[in-house]
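Some notes for your read-through follow. Please check each point against the model.

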Amino acid sequence: MNLQAKRQKEIKIVVSMIQLYCRHHDDIDEQELIQYATSRIEKCPMMKDKTFCSRCKIHCYEKKMQEKIKKVMRYSGPRMIFHHPLLTIRHALHI
């Protein structure tokens, strides 16, 4: 998979997680977080060898946004298999 395709896949997953979270919560500005996460993914210097952000050596999210995305991922991560099963399986297997 080329680098641009990998970035687009990562963006798709993160956007899906944010949308899932925001469907059930109203404490986070959905569009703001999507735009921020997308910009971070597009500029990620580790994308070539990256697996998951939580395993990354550098953290490119500012603290406030890092807390928001962690909250989203804690909620959405376990639920993604029910809402986006193929996307979740591919992501877990790094396909």
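**Notes on charged pairs and helix packing**

1. Asp 27 counts as partly exposed, at 41% relative accessibility. Keep in mind that this is a predicted model.

2. Which residue pairs with Asp 27 in a salt bridge? The partner is Lys 71, with the closest N and O atoms 2.5 Å apart. The pair joins distant parts of the chain, 44 residues apart. Lys 71 sits in helix α3, Asp 27 in the loop between α1 and α2 (30-43). Lys 71 is partly exposed, with a relative accessible area of 37%.

3. The structure has two salt bridges. One of them is between Lys 68 and Glu 32, where the closest N and O atoms are 3.6 Å apart. Lys 68 belongs to helix α3 and Glu 32 to helix α2, so this pair ties together parts 36 residues apart in sequence. Glu 32 is partly exposed, at 32% relative accessibility.

4. Arg 7, in helix α1 (residues 3-24), deserves a look. It is buried but has no salt bridge. The nearest side chain of opposite charge is Glu 42, 8.1 Å away. The Arg 7 side chain does reach the backbone oxygen of Cys 44, at 3.3 Å. Residues that Arg 7 touches include Ile 41, Lys 43 and Met 47.

5. Helix α4 (residues 85-93) has Leu 87, Thr 88 and His 91 buried. Down the helix axis, the buried residues of α4 fall within an arc of 95 degrees, so they line one face. Their cover includes α1 and α3 (63-83). The face of α4 turned away from the buried side carries Leu 86 and Leu 93, both exposed.

Terms used: Residues are numbered from 1 along each chain as its sequence is written. This is a predicted model: local features need pLDDT of at least 70, side-chain atom pairs count only at pLDDT 80 or more; totals for chains, interfaces and linings use all residues. Side-chain values use heavy atoms; hydrogens and water are left out. Helices (H or I, at least four residues) and strands (E, at least two) are DSSP runs, numbered from the N terminus. Buried means under 20% relative accessible area, exposed over 50%, partly exposed in between (1.4 Å probe, protein chains only). Lys and Arg count as positive and Asp and Glu as negative; His and the chain ends are not counted. A salt bridge is a side-chain nitrogen of Lys or Arg within 4 Å of a carboxyl oxygen of Asp or Glu. A polar contact is a pair of N or O atoms within 3.5 Å; within protein, one must be able to donate a hydrogen and the other to accept it, and residues adjacent in sequence count only if both atoms are side-chain atoms. Contact means heavy atoms within 4.5 Å. The arc is that of the directions from the helix axis to the C-beta atoms. Lists of a residue's contacts leave out its neighbours within four places in sequence.
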